[in-house]
There are 6 protein chains.
Amino acid sequence: MNPLRKIWAEGRTSFDAFLSIPNSWSAEVMAHAGFDSLTIDMQHGMMDFQTTLNMLQAIGNTDTVPLIRLPWNDPAITMHVLDAGARGVICPTINSAEEVEALVSACRYPPRGFRSYGPLRATIKMGPDYAKVARQEVLVFAMIETANAAEQLEAIASVPDLDGLFVGPYDLSVSLGLQNLADIYDPKLKEVLDRILATCKAKNLIAGIFTGKMEDAKTLAEWGFQHVSHTHDSAMLTEIAKAKVKFLKNL
Amino acid sequence: MNPLRKIWAEGRTSFDAFLSIPNSWSAEVMAHAGFDSLTIDMQHGMMDFQTTLNMLQAIGNTDTVPLIRLPWNDPAITMHVLDAGARGVICPTINSAEEVEALVSACRYPPRGFRSYGPLRATIKMGPDYAKVARQEVLVFAMIETANAAEQLEAIASVPDLDGLFVGPYDLSVSLGLQNLADIYDPKLKEVLDRILATCKAKNLIAGIFTGKMEDAKTLAEWGFQHVSHTHDSAMLTEIAKAKVKFLKNL
Amino acid sequence: MNPLRKIWAEGRTSFDAFLSIPNSWSAEVMAHAGFDSLTIDMQHGMMDFQTTLNMLQAIGNTDTVPLIRLPWNDPAITMHVLDAGARGVICPTINSAEEVEALVSACRYPPRGFRSYGPLRATIKMGPDYAKVARQEVLVFAMIETANAAEQLEAIASVPDLDGLFVGPYDLSVSLGLQNLADIYDPKLKEVLDRILATCKAKNLIAGIFTGKMEDAKTLAEWGFQHVSHTHDSAMLTEIAKAKVKFLKNL
Amino acid sequence: MNPLRKIWAEGRTSFDAFLSIPNSWSAEVMAHAGFDSLTIDMQHGMMDFQTTLNMLQAIGNTDTVPLIRLPWNDPAITMHVLDAGARGVICPTINSAEEVEALVSACRYPPRGFRSYGPLRATIKMGPDYAKVARQEVLVFAMIETANAAEQLEAIASVPDLDGLFVGPYDLSVSLGLQNLADIYDPKLKEVLDRILATCKAKNLIAGIFTGKMEDAKTLAEWGFQHVSHTHDSAMLTEIAKAKVKFLKNL
Amino acid sequence: MNPLRKIWAEGRTSFDAFLSIPNSWSAEVMAHAGFDSLTIDMQHGMMDFQTTLNMLQAIGNTDTVPLIRLPWNDPAITMHVLDAGARGVICPTINSAEEVEALVSACRYPPRGFRSYGPLRATIKMGPDYAKVARQEVLVFAMIETANAAEQLEAIASVPDLDGLFVGPYDLSVSLGLQNLADIYDPKLKEVLDRILATCKAKNLIAGIFTGKMEDAKTLAEWGFQHVSHTHDSAMLTEIAKAKVKFLKNL
Amino acid sequence: MNPLRKIWAEGRTSFDAFLSIPNSWSAEVMAHAGFDSLTIDMQHGMMDFQTTLNMLQAIGNTDTVPLIRLPWNDPAITMHVLDAGARGVICPTINSAEEVEALVSACRYPPRGFRSYGPLRATIKMGPDYAKVARQEVLVFAMIETANAAEQLEAIASVPDLDGLFVGPYDLSVSLGLQNLADIYDPKLKEVLDRILATCKAKNLIAGIFTGKMEDAKTLAEWGFQHVSHTHDSAMLTEIAKAKVKFLKNL
């Protein structure tokens, strides 16, 4: 079973980081850092499919769960990364239940969906019974990051075989017209987060979220988010490298 | 003129980091962090020539000076990275003046050396007069990281057209049979460092060194090292990622 | 003229294999094995466009005809692989005549379709008259692998400028709700195969099919399939490597 | 500010070339040739995203403005190349105002569009204020290369936040049913070009065009096209290499 | 401890295959086939360092032991692949004890050898104590494949810290001037094999060998070879693909 | 038989160009331009082995003969590119007969040399008899580009199984201390060229040379050079691109 489900079943929070460096070595380094999962960010990260395959293989050297943030709600790439062994996908910019239905259909084998059969690396990595366990194995998250989505929460969350909602607080702030990006204490954003948490609870979905601020990551877990992604590898590299330069040069 | 020479002429220390992730995007991220130079580590880093070319192009988006730690004292790769636009090389495991002579000869055009003419990217990047300025542009460092080298300092430092010595304190500690690796306060290592500094001063060479400890980097600069490399990108990534996991999981 | 058309014109069956290893060397090895054509599988195989280009170049060292299984019915990648010199495409998961029309339109130059002009490698490889011969040169197959498609056969097969139907028996079995995957003797599957053969005959289309079983490949040719793909390179590698291990270890 | 806007503001014509060789070194060579901008051709050129990133980094060594011809009107790749630092996009095969609206929406941040926030390389390259200046920085061109588009000029040009029209004369000739491709003196093609120029003037849009003929490039600039792309790198390579062979072999 | 040592300690034979396809996916497929180890062939295989790194990561998804056949007795690449996590090296064309000494020195840390310290991936994969266990972890094989080597067996086998001899029967046959390549029943070749086996026994070294013939692999194990490599991935692919074509086309 | 031998046997001159762009598509474009051979420049060009393999495969789409300028006189890479299907090598910076002997030995199978057996792509491309025809198939050129070499001509040319001398006029000019680089009319350079031509005639070797000037290429052929390489792809690209910019911008 997908180890993330075990964490959630035990009432714990899974902590995740995004990968934006298109490289298998940095991915393997990150996979040894202790995160429960890593999300290869094919939307804003600098990778495409070929590099993503190498990154999945690198992460496969550890028990860290590899997820993919899809570039878009496109069945071709969705099915391709699942065949390559991704254990879950996070789809950006979901605006409606129809879009979730399209996403879920691409991720599930018939009769539920139209995922095409050919899980080459998924089978080699997860076993010959992959097709049978794929429904449990493959996590499907819909990103809530637009005002539209915030209004359609009930419908979005009601699509069968979706596993969770995942908040993109930067885009959501922009879409809500907020001044400060991803300020989780901003009442308007907070109100949406609360509704997302409540909806997830009601619909038995996992509530996930991304944050660039480390303190917020803990707070969000306390608020009830069960899957919290804190920043990405190139942001971490920038943060530590700049801190070192500042120290070394007495800036 | 190579910007590092300007820093040294002003009596300042240049601060550098090594790159071990074989990727142009992480290299570009690092190039924006504020280091004076970056050293692509073709010895222990995970890259080869093709990736190194892409990394040189990435660093070329900034004013950061790109250096190469060579995989070995091999004229083929030495000349290749210089043609690709490296502005200096650091050669590992130098044991004698003869080895320095071989290194310098591979880096300098005739009559001084035997570098072959064909600076494709070097010319495009540094101008049509590249061949004329190459002697000043291209920095050549010999690594002092064996007991042998520590005994041959005078001879090594006397080879004409060498620009500096660069200490590899880990290998040097091992070679000296020291218990603690790279402990700059260990009297035996300290004695060698002092002699290297004195030799550099006497021979008008730049004294460079690598260190994995941030505090040591400053100390080494105070002791007189003019070019100090503090750790590498994948070590930085490990450091910050593990710190984040520790915080998030209350470890 | 596309050599496959010559084979079919002579009443012979073309035998093909799929390529799922994203590599030009394994592709060149396969291209020397004697198959009439090779299909680079961009759907379930592990390659994307850049590797596909290299594989097309590798196959170009032989007379083997390079085909592409598209990742999806997407005009961007369809036109891209044709520009790169693919001599035919097989489009997965066709469900309706409208989808075939979209596929054919992406593959044919105006006035029939909307393929954009810029056949860089196709022209260099197939000659300056490429645009004129492209209609004959480029084979377009629609995959029949859903129950929907099986019901729409007549309409699907009637779209002008389609060259053939290609059966995906695994997905088709799943979609038909059959217990055993790709069992060509299963009456329900057999009935669909018969109708496909009859439709192809009536509409003057080529009947193609994939099978993972070598014996079935011959049987299917006898039943009338003119283009039979038998398994893919990584499946072959698994098959022979496991057989060798079994022999060596007396398993 | 995007340097192309400065050129146009001064009433000058920007000269551009397309890149079809999927390589960062040839891109850097081209970036030093003196063109005002270079357009990485992801439609007919042989590259995909990963190579495009490297090419953007290579061009970033110079002041040449990097543009992208998109493979298709697909928000995923459009947003991805903008995040990677492209300073403008040219979208092929636009047929209607609705398609322009989709294109523009993918290129503009809310509230105008739905571009998702995460400009990793764009920010590192163009500064922390990127989001604020993105509207001015990012150029959006709609390609006019079908008879449909030629009839919808007024509507297409009226979509807010579009920056220019870009003529694809080869596809346009084909679509208009003309015998000679891209003959700018053909009255039927000329008539459309005139209307495009007039429409651009009326709507305050930039008029751009591609041409394979060097003399035509100058003529088109005189006719009023403000952004003229003359051929692509592999065509140039073919032209000069064949000329050399002809001379050397007295052909 | 290196799992191969465990196999040998138990008196069993380890069975291995070479990898000549420069690709991480085919490597992962092979790693699931059941061989005890896989040898990435950097000499005659089509890979270089960057691809080798990806292949090491792919094999790392399984318990299969990754070895490297070095391109040559060159300390740069030897140390590089060990840093990248290879658990053993096989060095071609050894002709003398001096050459073995150079090989072993490059593979062992001081004081035994001069391997430079920086085991980036080796440490991440094999643990923080890597430096301490490296002597046991890293297997060093010298290839016996020249008449010279056959005459120097005693001296070659006496170099301390070598782990085994590995016979290259093709080159050895050529070098011995034999008509049939790698015919293990040829008395002249057999005589050398017997001496190698005896020498290994006397010196407590592992006797390894490559063979292209599956039956010979078993025979060689019975003769006393403890590590037997049977052919490589692209040869396997050729074998099975040609067999399939033969069957399908009734050849 | 190597087509170049046929050209020379007929008393004709073979015309060649170097490739410095590390890309298979530009290589394929160049291979269609009409040169008799193309030399992948692994010394000053921007490629390494992996890209070279792809370029060899690209050139293999045509009858153009693929040669390699080696990065250095190193048996590892020499044997590797021959295994990958290069039909000849040109070794830089030869200074003595001993160096030629080392080069030739790496290129010839025993008993003449020590080339190791494993011609994977060479066999697939040139046939199962490759080992037997390799002596004729593989061309070995020693570069004369130092004053040392010019003095050792007789000895260098006397090494058995060398096929030709290849002049590097830029490095040779530098080494001779000449003011103008590669001025073939400079009496000092001319004298060496004459001696090289005479030596080749006497020793039955092919006389080859590189030149950056198109007129000189013809002159050199008239003087007796049988294999003339005129410039490289990125120089051609620079030449034509700058010419176009000059025309377009009236510079």
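Which residue is the bridge partner of Thr39(D) in β3(D)? Before I answer, a word on the model and its labels. This is a predicted model, in which local features need pLDDT of at least 70 and side-chain atom pairs count only at pLDDT 80 or more, while totals for chains, interfaces and linings use all residues. Residues are numbered from 1 along each chain as its sequence is written, and chains are lettered from A and ligands numbered from 1 in the order in which they are written.

The partner of Thr39(D) is Leu67(D). Strand β2 (residues 37-41) of chain D runs parallel to strand β3 (residues 65-69) of chain D, and five bridges link the two. Strands here are DSSP runs of E of at least two residues, helices are runs of H or I of at least four, and both are numbered from the N terminus; two strands pair if DSSP finds at least two bridges between them.

Helix α3 (residues 49-59) of chain D lies across β1 (14-19), β2 and β3 of chain D, at about 170° to β2(D). Angles run from 0 to 180 degrees between N-to-C directions, with axes fitted to C-alpha atoms, for helices over the stretch in contact. Contact requires C-beta atoms, placed from the backbone, within 7 Å.

Turning to the whole sheet, chain D holds a closed barrel of eight strands, β1-β2-β3-β4-β5-β6-β7-β8, with parallel pairing. From one strand to the next, the twist averages 25°.

Finally, the chains. No contact joins chain B and chain C, and their closest C-alpha atoms lie 16 Å apart. Chain A and chain F likewise have no contact, with closest C-alpha atoms 16 Å apart.

Notes: Contact = placed C-beta atoms within 7 Å.
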